[in-house]
Amino acid sequence: MSDQKNDNGISPNGTGDERVITLSGMYENYFLDYASYVILERAVPSINDGLKPVQRRILHAMKEMDDGRYHKVANIIGQTMQYHPHGDAAIGDALVKLGQKNLLIDCQGNWGDNRTGDGAAAPRYIEARLTKFALEILFNAQTTEWQMSYDGRKNEPITLPVKFPLLLAQGVEGIAVGLSTKIMPHNFIEIIKAAINHLKGKTFRLLPDFDGGGLVDVSNYKKGHRGGKIRVRAKVEIFDKTTLVIRELPYGVTTTSLIDSIVKANEKGKIKIKKVIDNTAKDVEILIELAPGISPQVAEDALYAFTRCEESISPNACVILDDKPLFTDVHEILRVCTEQTRDLLKRELEIKEGELMEKWHFASLEKIFIEKRIYRDIEECETWEEVIEAIRTGLDKYIVTPSATPKRGDKRLKLFRDITDEDIVRLTEIKIKRISKYNAFKADEKIKQLEEELKQVRHDLANLTDFTIAYFERLLEKYGKGRERKTKIADFEDVNKVSVIANNAKLYANLKDGFVGMGLKKEQFIGECSDMDSVIAFRKDGKFSVTKISDKAFVGSNLLHVAVWRKGDDRTTYNMMYLDGKTGKSFVKRFNVTAITRDKEYDLTKGTPRSKILYFSANPNGEAETINIQLSPTSTARKKQLEFDFSELDIKGRASQGNVFTKYPVRKVSLLETGKSTLGAIKVWMDEVSGRLNVDERGKFLGDFDTGDSIIVLYKDGSYELKNYELNQKIEVNDICGISKLEKKTVISAVHYEGSKGWTMVKRFQVETQTIDQKFSFISDHSRSKLLYGTLEANPRIKYNMKVGSQKIDGEINLKEFIGVKGWKALGNKLSDQRLTGIKPIEKKKKAPTKPKNKLSAGDSIEFDVDGGQGELF
């Protein structure tokens with residue numbers, strides 16, 4: 001006989017009252033009950049009011065306590081425990097988090113700081129009360145649906161009648177059983193404007209906004225729906241050449257956690273810093289002093305790549321609707337909340353209409369009762385029933401109820417509803433003193449006022465959408481000040497971690513035994529590297545492999561070449577001559593290694609036994625050298641000395657066998673002459689927003705760069721700098737007034753104010769220095785000296801103006817004709833014996849291009865205001 005389970009998973013077994021409780025049934029029922037409770041009663045907010053149960057109970061308790069004054073938080077917690085069946089700690093934490101949002105609760109005392117992570121003071125030391133905004137949008141007992149509290153002693157709201165998309169303004173995060181919710185906070189003003197646009201039938205867009213400011217990339221936000229993602233960043237500024245400063249934090253990151261992540265990244269060698277100083281007080285300020293020789297631009301990108309200066313957040317808009325979890329998006333939440341606001345306003349207007357009708361009804365009865373002296377009709381009545389009937393009869397002479405059919409020409413007053421016994425009882429309760437001092441004029445004025453109010457309410461009901469729009473506009477006017485957007489919307493560039501990580505290690509190799517790594521410090525030094533790099537190793541037998549860098553790794557004996565390998569590098573070219581072990585022929589080939597499977601061995605020869613490499617070179621820019629080949633003296637070849645230029649070969653894949661060079665045995669191969677790149681010059685652009693050099697045709701075209709070429713950068717502070725054309729480096733576009741490829745004919749033209757003499761000077765000079773990445777100032781070091789205008793244009797012409805007393809003088813000048821090319825340290829020729837007040841370049845008249853030109857060409861100059869120093873491209 002098989003066991004039969006009941007609904008609770010309990011099955012009878014044996015005889016008598018003996019019973020066995022099976023865990024499977026208990027787990028199924030109890031777990032579902034627990035999961036449902038956590039989802040509905042703890043973690044996930046209702047879409048109707050945007051609140052979790054504990055938040056709703058806190059606000060309801062504070063409303064009951066509200067008298068306009070502050071209350072101790074400990075008292076609020078105790079009051080809330082009448083409705084919330086959990087401990088005081090959970091209520092206190094929820095209350096503090098609610099107060100830190102600065103929207104519904106007016107806080108007094110030390111409520112902690114969500115920027116630094118500091119906690120609030122003990123509940124007995126801090127106080128709170130509801131804000132005026134909360135009192136206006138949250139509560140209305142007449143439109144609230146109520147339920148019994150957990151112990152049956154009190155009534156509590158099922159949801160609060162919130163007349164605002166509160167859920168979107170505050171944001172929420174919660175983890176339940178089997179699901180979670182994460183809704184980003186949005187800007188107060190933008191929420192109201194979006195709600196108004198929805199009511200007007202217009203489109204709208206909602207994007208996250210955080211109190212801490214910072215930057216946010218919303219390109220993959222997907223309206224906050226499940227599966228979307230946003231990236232948030234701290235606002236990092238370059239204070240000077242050796243210091244970065246953070247003034248705004250990414251959402252969800254505190255100053256403590258941010259500094260810890262920076263220190264850990266430094267300890268791991270991801271970035272190189274000297275010191276971190278936390279000066280946070282009223283405003284966030286974290287100073288990061290960089291180690292000597294570290295570029296602040298690269299360090300900024302490294303902070304985004306390796307610390308919590310950049311965070312990725314996955315929104316998941318999950319709310320409770322009709323006692324069920326619903327996955328939706330922020331636009332739908334706004335629509336639901338806006339429509340709910342309109343419905344609540346309609347209910348309030350209908351309630352107000354009913355109240356005004358009741359007031360008008362009784363005021364009219366009272367007026368007739370007193371003015372027509374109906375109260376005298378009850379003097380002869382002996383019973384209560386006779387009193388009621390006498391008054392009703394007296395009133396019928398002057399009024400018409402809705403149920404009665406008035407006669408034609410009937411001038412009696414028409415009521416909104418029939419007269420009830422309760423109305424008559426109220427009339428009998430009017431005191432003699434009130435009757436004796438009754439003022440008919442004031443009574444008429446009151447009735448007229450009620451009729452005007454009733455007319456307005458009915459107009460609002462007939463134009464409910466316009467009334468709702470006006471309601472939101474009033475909220476915006478009353479509470480919108482100081483709630484402007486704090487987080488800047490931006491499109492983030494993906495940071496290549498390998499390119500910005502600090503070289504935190506050194507690569508060594510034992511070429512004979514075949515070991516490579518960072519820990520072989522007694523072996524041959526290969527170069528600087530990071531612990532994220534990969535190493536490529538070529539062997540004399542014609543095989544190579546790529547492996548992740550480590551302290552020590554074996555890659556094969558008799559190594560020929562070891563280097564750091566970059567994925568996708570199509571510029572580095574390998575030139576090689578090898579001997580095929582089977583035929584004895586020598587082959588030459590050129591190839592790139594752009595993509596591989598790590599730790600897999602590849603053969604560069606034909607793979608026959610006794611094959612070996614005779615000559616090998618690695619060329620970072622595709623250079624092609626000329627080699628000298630000596631054949632074996634015993635060979636039958638007539639010519640024993642040969643030359644070969646690798647530029648005659650095409651660059652192919654690593655698996656290509658190459659071209660046959662000779663069938664005779666080779667004795668020796670040596671380098672005869674280094675060559676130039678066969679890949680041609682590389683075209684380089686500068687992104688005018690980020691300042692990054694690139695080959696993706698973004699921004700201003702700088703020129704075609706080949707081996708030995710460099711970039712000249714002209715700065716607004718009166719200096720210039722030569723830079724190489726390495727990609728991924730960043731130019732500070734706000735600090736420059738010119739940039740281009742350095743040519744032999746490049747001339748810098750400058751108008752500058754000489755502080756020691758008080759003159760405006762003009763100078764033109766060519767670059768005489770050759771040092772890379774070092775600034776050279778071409779104006780004097782006097783404190784008042786300043787560059788007024790600078791350009792790399794070949795034939796610059798400018799308009800200028802200055803003031804002589806109260807007179808304004810304008811002029812034009814061709815700088816090339818005004819002064820010849822002199823040394824870079826010369827002061828130049830005097831243009832004026834005082835400082836110019838404005839300079840503007842005169843643009844050349846150009847023929848209309850056949851195709852639209854969207855990029856600036858090399859040599860274009862940048863105009864900037866002389867006094868303010870603000871520049872713009874033209």
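1. Contact here means heavy atoms within 4.5 Å. In this predicted model, Val 751 is in contact, once its neighbours within four places in sequence are left aside, with Thr 760, Met 761, Val 762, Leu 787, Leu 788, Tyr 789, Ile 798, Leu 815, Leu 836 and Ile 839. Val 751 belongs to strand β44, which covers residues 748-754, and its relative accessibility is 0%. Since buried means under 20% relative accessible area, Val 751 counts as buried.

2. A pair that includes Val 751 can be described both along the chain and in space: Val 751 and Thr 791 are 40 residues apart in sequence, and their C-alpha atoms are 9.3 Å apart.

3. Ser 617 lies in strand β32, residues 612-619, and with a relative accessible area of 11% Ser 617 is buried. Between Ser 617 and Lys 411 there are 206 residues in sequence and 115 Å in space, taken from C-alpha to C-alpha.

4. Strands β39, β38 and β40 form an open sheet in the order β39-β38-β40, with antiparallel pairing. β39 (693-694) and β40 (700-705) stand at the edges, and because each has a single partner strand, one side of each is left without a neighbour in the sheet.

5. The pairing of strand β38 (residues 682-686) with β40 is antiparallel and is made by five bridges. Within this pairing, Ile 682 stands opposite Phe 705 in β40, while Lys 683 stands opposite Asp 704 in β40. Towards β39, two bridges join β38 to its antiparallel partner, and here Trp 685 stands opposite Asn 694 in β39.

6. How many of the five residues of β38 are buried? Four of them are, so β38 is largely enclosed by the rest of the structure. As background for reading any such strand, in a regular strand the side chains alternate between the two faces of the sheet.

7. The buried residues of α11 are Val 387, Ile 388, Ala 390, Ile 391, Gly 394 and Leu 395. These residues cover an arc of only 165° around the axis, which puts them on the same side of α11. As for what covers the buried residues of α11, the elements include α10 (330-371), β19 (399-400) and α12 (421-428).

8. A search of the whole structure for cavities of 30 Å³ or more finds one, and the volume of the largest cavity is about 50 Å³. The lining of the largest cavity consists of Met 62, Met 65, Asp 66, Arg 69, His 71, Ile 76, Ala 128, Arg 129 and Leu 130.

9. Which elements each supply at least two residues of the lining of the largest cavity? They are α2 (53-65) and β5 (127-130), and the largest share of that lining, three residues, comes from β5.

Definitions and conventions
Residues are numbered from 1 along each chain as its sequence is written. This is a predicted model: local features need pLDDT of at least 70, side-chain atom pairs count only at pLDDT 80 or more; totals for chains, interfaces and linings use all residues. Side-chain values use heavy atoms; hydrogens and water are left out. Two strands pair if DSSP finds at least two bridges between them. Helices (H or I, at least four residues) and strands (E, at least two) are DSSP runs, numbered from the N terminus. Buried means under 20% relative accessible area, exposed over 50%, partly exposed in between (1.4 Å probe, protein chains only). The arc is that of the directions from the helix axis to the C-beta atoms. On a 1 Å grid over the protein atoms alone, a cavity is a set of points where a 1.4 Å probe fits but cannot get out, and a pocket is an open set with protein on both sides within 12 Å along at least five of seven lines; lining residues have an atom within 4 Å of a point. Grid points are joined across faces, edges and corners, and a volume is the space filled by probe spheres set on the points.
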